[in-house]
Amino acid sequence: MTAGSTTPPAPVGAVVDGGTARRRGWGWLLLVPGMLWLAVFFVFPTIQLFVTSLYDPSGSYEQGYAMTWHFANYLDAVKDTWNLFARSFAYAGIATVVCLLLGYPLAYAIAFKAGAWKYFMLVLVIAPFFTSFLLRTLSWRTILSDQGPVTDFFQTVGVLPDDGRLLATPVAVIAGLIYNFMPFMTLPLYASLDKVDYRLVEAAGDLYSSPFTGFRKVTFPLSLPGVVSGTLLTFIPACGDYINAELLGTPKQYMVGNRIQAAFLTEHNYPLAASLSLILMLVVVLMVVLYVRRAGTEDLI
Amino acid sequence: MADTGRDLRVEGLTKRFGDFLAVDDLTLTVPQGSFFALLGPSGCGKTTTLRMVAGLDDPTAGRVLIGDEDVTYLRPYKRPVNTVFQSYALFPHLTIFENVAFGLRRRGVKDYKQKTLDMIDLVQLGPYAARKPAQLSGGQQQRVALGRALINEPAVLLLDEPLGALDLKLRRQMQIELKRIQTEIAVTFVHVTHDQEEAMTMADTIAVMNHGVIEQMGAPGDLYENPETTFVANFLGQSNLIRVDVIDTVDQDVVVDCYGQKVGVVASRSHAGGRNAWLGVRPEKVFAEAAGADHRVGSNILTGGRVTDVSFVGVSTQYLVAMPWGQELMVFEQNTGQRPLFRNGDQLDITWSPAHAFLLDADQDARAGVMTPEDDE
Ligand SMILES: Nc1ncnc2c1ncn2[C@@H]1O[C@H](COP(=O)(O)OP(=O)(O)OP(=O)(O)O)[C@@H](O)[C@H]1O
Ligand SMILES: [Mg+2]
């Protein structure tokens, strides 16, 4: 043992390096399927979208569009729809925060307290996926309807005025977003909480941390990767969502997604639709980069 | 810190996991400031005992007291007890500095920075203070775990095999260092180990544990020289155990019949009740003499041995001697140059003093606690 520790480590390191170098030669092959997928289904459509966004807006579905490098499309898009952007980010932001507040205790309970019920509870979290997204959102119209028990309840306790409604309000749209994206928050949170070694929590207790301090100083920081991926998986798709606003709201609650959908499918205004899509994409990517940087480099606490 | 009344007392401590009795009615007192070793084979309940003292597991029955305070059901963070965990349990998201400072900061100690740096120096990790635990070797991580617990100067420090992952040299070094720190800060150490040499070099008192019960407790010398059970006789060092019949007690000696030859054992060293017993004697207490040579007066003598194996190990020569009844006994002779050397097949007699033998209960398993090669490190 002693002899081993005095041997210079250099030759050992050299052998290991040789091994990795050899492996590096073939490792890239593993990337090929993924790269092909990305090229066909992401890079190519994005280029197509970009090109479309620069078409002459005076063209039409029937006559076709001319490629005129019409960058003014972007200005027009922003001018008409900045409030939709603001609303989208506000709704998505609120939904993400509420999802985190509801999802964290749930994921924590499943990871640490559920015992034998753990897998059953996980199935319950995933269970909504067994039926169609559309159907479930439609059923929220019944739940939140003017004569429904939820509205009734809030009217009775006086939170809502007697003629107040839930359906067709921002509350309904955000509630729909929260409901639909909840599993995307809960599952990554669960995955990283489940990885937290309980013995570390015990060690924190042994070192004078009350359960709450132990959570703040050990469990929560160790679950940050789950918080980051959960919020991203919730916020990003929620920003582009249009089904919830469509089914649970009115045009007053419309989000960018609704505008894009209308431009593409109803008005066939492809340049507008494409520039809106690209702006949305760019802003979201920017926000995500800022967020991940902050979460990655600082302690957040 | 030197005031008395912070002894660790454990009374009737019991822990069951379902039907399995992991710790069985354990009672012991660890005087304040002493170095106490809990020694036993894997799975005998050492970690479980420590966890109950630390408050990480609730006992099924029994009490834990520090001084006069009953802490049996006190939450871990309220106990003046810190643990060096067998698995280290270092916080992976914190640097070495932050790991070591953790306890001080939770208690709001003002000058934690200097204290932390001093402790990091003490465990010789100065250059690594800014690293994360994953960037350290196993031995270095263990030293972080040690520093992280020691820095709090608790009333009782629990160490669960803290030196297990270190190589021999570092281990010896850390043993000395630990002992020095313990003497200096006068903290009660409860040190769990399955390395008997480590327990004997470091501890004031050793408790030998087996299957959830303490077999024997005492100073290392007493335990080694006068074991009370076959498990202790075999687990601490090595022993020759010979089946004998108890004949008589003459003055201070118990006389036993060993396959037809009579030998004596000092009465205070007899822990056997019935007609039969195990006669035990340590291999280094036995002398080999050429058959028929003049024997020293007062010694026990067994004649008719034949050398079946000789291993020369430098400081000593170790013989295996086949006795007339077929058993092979171990005889370790110091290489003083004053003693005769024997070869395979030589006929010899073996002798030892009655003050060096011990008698154990015949109902016990003569092979209990024998180290098999894979247990040995
Ligand atoms: N949570 C538990 N549930 C069931 N059995 C357990 C539990 N913890 C420990 N045991 C059992 O209790 C016995 C004692 O375990 P313990 O961890 O105290 O052993 P140990 O003496 O520390 O051993 P080692 O030297 O290997 O660390 C073992 O047989 C173990 O299997
Ligand atoms: Mg253990």
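Which residue, with a positive phi, follows α9(A)? The residue is Y208(A), whose phi is near 70°.

This is a predicted model, in which local features need pLDDT of at least 70, side-chain atom pairs count only at pLDDT 80 or more, and totals for chains, interfaces and linings use all residues. Residues are numbered from 1 along each chain as its sequence is written, chains are lettered from A and ligands numbered from 1 in the order in which they are written, and side-chain values use heavy atoms, with hydrogens and water left out.

**Confidence**

The predictor gives the complex an ipTM of 0.79 and a pTM of 0.81. For chain B the average pLDDT (the predictor's confidence in each residue, from 0 to 100) is 87, and 96% of the residues score at least 70. Among the elements of chain B, mean pLDDT is lowest in helix α5 (residues 168–185), at 84, and highest in α2(B), at 94. Helices (H or I, at least four residues) and strands (E, at least two) are DSSP runs, numbered from the N terminus.

**Helix α9 of chain A**

Helix α9(A) spans residues 198–206, and seven of its nine residues are buried (under 20% relative accessible area; exposed is over 50%, partly exposed in between; 1.4 Å probe, protein chains only). The buried residues include L200(A), V201(A) and E202(A). Their cover includes α10 (211–239) of chain A, and from chain B α1 (46–54), β6 (81–84), α2 (96–106) and α4 (138–150); contact means heavy atoms within 4.5 Å. At the start of α9(A), a side-chain oxygen of D197(A) comes to within 3.0 Å of the backbone nitrogen of R199(A).

**Magnesium site in chain B**

Two protein donors, T47(B) (OG1) and Q86(B) (OE1), lie 1.8 to 2.4 Å from the magnesium ion (ligand 2). T47(B) belongs to helix α1 of chain B and Q86(B) to the loop between β6 and α2 of chain B, so the pair ties together parts 39 residues apart in sequence. Donors are N, O and S atoms within 2.8 Å of the metal (3.2 Å for Na, K and Ca); water is not among the atoms, so the site may look incomplete.

| Donor residue | Relative accessibility | Class |

**Sheet in chain B**

Four strands of chain B form an open sheet in the order β2-β1-β4-β5, with antiparallel pairing. Its edge strands, β2 (20–30) and β5 (69–70), each pair on one side only. Strands pair if DSSP finds at least two bridges between them. Two bridges join β4(B) (residues 61–66) to β5(B), and I66(B) has E69(B) as its bridge partner.

Terms used
Polar contact = N/O pair within 3.5 Å; in protein donor to acceptor, adjacent residues only side chain to side chain.
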